[in-house]
Structure formats: C-alpha cells, structure tokens
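Have the sequence and the model open while you read.

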Amino acid sequence: MDSNVGLAIQCVGVLLITLLSIFMRSSIKSNALNYWTASWASLSLSLISLFVGFQLDSQQSLLYSGYFFGEYVFGLLFVAGCRAQMTGATLSKKHNYFLIPALIVSLALPYASRDFNDVFMIHAPIMAVLFLMSFFALRQGPRSEATGTGIRVMSTALLLLGISFLVYVPAFGARKGLWGFTVPESFLHYTSVFDLLFEILLGFGTVMVLMESVRSEVEMANQKLMRARDQLELLVQMDPLTEALNRHAFHSLLRRPEAGHTDAVTSGSVAVLDIDNLKPINDTLGHTTGDKAIRAVARAMRSLVRADDMLFRWGGDEFLVLMFKLPQPEASRRLEKLNKILAENSERWIGLPVNVTVSFGVTGFTSLADLGQAIEQADKAMYAQRNRVRNPKHPQITQISQKEFSV
C-alpha cells in the first residue's frame with residue numbers, strides 16, 4: 001500500500017473522530033471534551049496539511065511546518081484535556097507560552113533535511129513525550145476514576161502511541177541501514193494505518209470516559225434527589241411543633257400492607273392520649289405556653305416508649321402511640337407513669353409551674369389491618385378516663401397570679 005493511501009485513510013479516520021467529538025459537545029458540557037475536540041480538529045488539519053504537502057512541491061516546507069505545529073497543538077491540548085478530566089485543571093494565558101517552542105521547532109524542522117523521513121525521526125520522540133504526558137495525566141485523578149474502563153482504554157491507546165512513535169525513530173533510521181540493520185519499506189508505508197488504529201482506540205476511550213462521567217453525574221444527581229425526597233417526606237410526615245409523626249405518616253404506615261410488606265401482621269398495643277387541661281392553659285397563660293405544654297407531653301412520652309415505637313401527634317391536644325410487640329397490660333403500666341413524669345418535669349420543661357395532666361386509653365392489636373378498630377376502642381377508653389379526670393374535685397391548673405406569668 002502506498003504511503004499516501006495510508007495517510008488519506010488516517011485523515012478520514014481522524015476527521016470522523018473530530019466530527020463525533022463536535023456532535024458530543026452539543027449534549028455534554030465538559031472542559032475535557034472541549035480540549036479533546038480542539039485537539040482532534042488540530043490533528044485533522046495537521047494531517048491534511050501533510051497530505052497536501054506530499055502532493056505539492058511548492059510551499060512544501062510551509063505545509064510540513066503546519067503539520068508539525070498541528071501535531072504539537074494536538075498533543076498539548078490532549079494533555080490539557082486529560083488533566084481537566086482527572087483534576088478539573090483548566091488552561092490559562094500562561095499556557096500559551098508552550099506554543100512558542102512548538103512553533104519554533106515546527107518552522108525549523110522542514111529545513112533540517114530534504115528527506116521528510118529524516119525530519120520525522122526528530123518529530124517522533126517529541127510526539128512520544130506528549131502522548132506519555134497524557135498517559136501520566138490520567139494517573140493523577142482519584143483511584144476510583146483512574147481505574148475506570150474508559151480510562152484504561154485511553155491509557156492503553158496513549159501508551160501504544162507513545163511506544164509506536166519511539167519505535168519510529170530506529171525504524172526510520174534503519175531504512176538506510178543507520179543502525180546496522182534495515183526495515184522493510186512496506187512497514188514504513190503502514191505507519192499511518194498503525195497510528196489510525198491507535199487513534200481510533202484513543203477516540204473510543206475518550207467517548208467511554210465522557211459517558212462514564214455523564215453516568216456518574218446522573219447517579220450523583222439522582223442521589224441528591226433521593227436525599228431531597230427523603231427530607232421532604234420526613235418534613236411532610238413530621239409535626240413541626242413536637243417533632244412527632246403526624247397523621248400523614250400514620251396513613252403511609254397503613255398503606256404498607258397494600259405494597260406487600262410483611263409487617264402487615266405486626267401486633268402490639270395502641271394508645272390514644274389527650275391533654276386534659278390545654279384549653280385553660282391557652283386561655284390563662286397564652287398559646288405559647290400551651291405549645292410548650294404540648295411539647296412537654298411529647299417529651300415525656302419519648303421517655304416512656306422504646307426506639308421502635310411510633311409517636312404521632314393526632315390532633316391539637318391528642319397523641320397516638322404505637323407500641324409494637326408490647327402486650328396491652330405492659331403498655332398500660334408504662335403510660336401510668338406519664339402523669340408522674342409530667343408532674344416532676346413540666347415546670348422545668350415549660351418554664352412555669354403549670355400542672356399538665358394527660359388522659360389515655362390503651363388497646364391491643366394483632367395486625368395493621370385491625371388497627372383502626374383498636375384506635376376506636378383506645379379512644380373510647382381515653383374519653384372514659386378523661387371524664388373521670390375532669391371531675392370538678394380535681395384542679396386542672398395551679399392558680400398563679402397573672403403578674404407571676406408576665407414575661
């Protein structure tokens with residue numbers, strides 16, 4: 001195969017990689033992709049310049065200089081793309097100074113020899129260094145990223161390109177027996193095809209890296225959305241005053257059997273609680289103190305229930321407690337301590353000597369399906385106890401002068 005044919009094939013292949021990179025830029029926003037797209041475009045122009053230079057005798061030195069300079073820009077931009085992908089580094093104005101030595105070498109090389117192959121022996125190790133710089137730039141990222149499939153493919157391609165360009169030095173020198181041996185002329189004709197194969201592998205590697213980055217970003221965005229959803233769900237299911245669960249959370253619990261949850265057969269006890277004297281507290285001391293009284297009851301309840309039990313604020317002054325796998329007698333014994341805890345701590349929790357008492361009813365349940373009926377029974381038991389507590393012989397609130405409660 002003629003070397004011009006191999007070079008033409010390489011030009012077409014690199015142009016296709018360039019077009020693919022350009023199309024990807026419309027959907028993927030990445031500094032690395034921008035650098036890589038510019039590098040492939042530079043390589044395309046470089047190879048076209050070399051192909052035209054092989055066909056023309058006039059302006060050949062200028063076209064060769066364009067080829068060398070385009071390849072150096074390709075190498076430098078590819079290094080920049082690898083650094084941007086792995087560390088987020090971007091180019092600044094000071095990096096433009098790297099173009100000065102590249103331009104000087106590009107202008108000088110065509111005049112080093114009339115034989116392009118001799119000049120290529122000087123150019124090849126420079127490109128090998130640039131490929132190896134890109135290879136090591138891919139090693140700078142986090143270990144998880146550096147071991148991705150796309151990174152491994154890119155690293156392999158860059159390593160092969162670096163080695164192949166180093167091999168070109170003795171190979172092109174051996175064509176004249178410079179090293180004491182010769183290389184078949186046909187090998188030199190296929191160098192462009194070898195380069196194209198490695199460059200295609202490199203192009204596929206960049207696509208894989210970008211797809212992996214997009215997938216990682218989508219997964220991170222999905223995780224953030226899941227966390228935001230969980231936080232919103234928590235806010236929707238939580239009573240802001242007491243930080244207990246609300247009715248929405250309770251109904252979500254009841255819907256679990258519909259989704260096939262095994263805890264549909266959970267048994268235990270349910271308690272309905274009502275603050276006996278919240279209205280007198282609100283009327284006498286204000287709603288702020290009433291809110292503190294509600295929080296005090298929630299706090300007292302948390303000291304009695306276990307970690308797996310669920311406390312719901314059922315209404316303005318009502319609470320509901322689910323005590324799983326706890327028999328009704330044990331649940332009742334626990335709740336009988338509630339008013340004693342309130343009597344001992346309400347003044348400290350509320351900030352005023354307020355007598356807060358609670359009426360409650362407890363009923364057992366054998367599954368979430370019959371929980372509604374159990375709540376009705378507990379509610380009736382609570383009303384029966386509250387009616388007894390609200391006997392006029394039982395004072396509901398310590399009488400304290402209005403002056404004593406002034407803030």
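Q: Are α1 and α2 roughly parallel or roughly antiparallel?
A: In this predicted model, the axes of α1 (residues 3–25) and α2 come within 9 Å and cross at roughly 155 degrees. Axes here are lines fitted to C-alpha atoms over the stretch in contact, with angles from 0 to 180 degrees between N-to-C directions. Angles over 145 degrees count as roughly antiparallel, so α1 against α2 is roughly antiparallel.

Q: What does α2 span from its first C-alpha to its last?
A: α2 covers residues 31–55, 25 residues in all. At 1.5 Å times one less than the number of residues, you'd expect 36 Å, and the model comes close to that with 37 Å.

Q: Which residue has a side-chain oxygen reaching a backbone nitrogen at the start of α2?
A: The backbone nitrogen belongs to A32, and the oxygen sits within 3.2 Å of it. That oxygen is on the side chain of S30.

Q: At what angle do α12 and α14 pack?
A: α12 is residues 287–302 and α14 is residues 338–350, with axes 9 Å apart.

A quick note on the numbers: residues count from 1 along each chain as its sequence is written, and side-chain values use heavy atoms, without hydrogens or water. Local features need pLDDT of at least 70 and side-chain atom pairs 80 or more, while totals for chains, interfaces and linings use all residues.

Technical notes
Helix = DSSP H or I, 4+ residues; strand = E, 2+ residues; numbered from the N terminus. Polar contact = N/O pair within 3.5 Å; in protein donor to acceptor, adjacent residues only side chain to side chain. Parallel < 35°, antiparallel > 145°, perpendicular 65-115°, else oblique.
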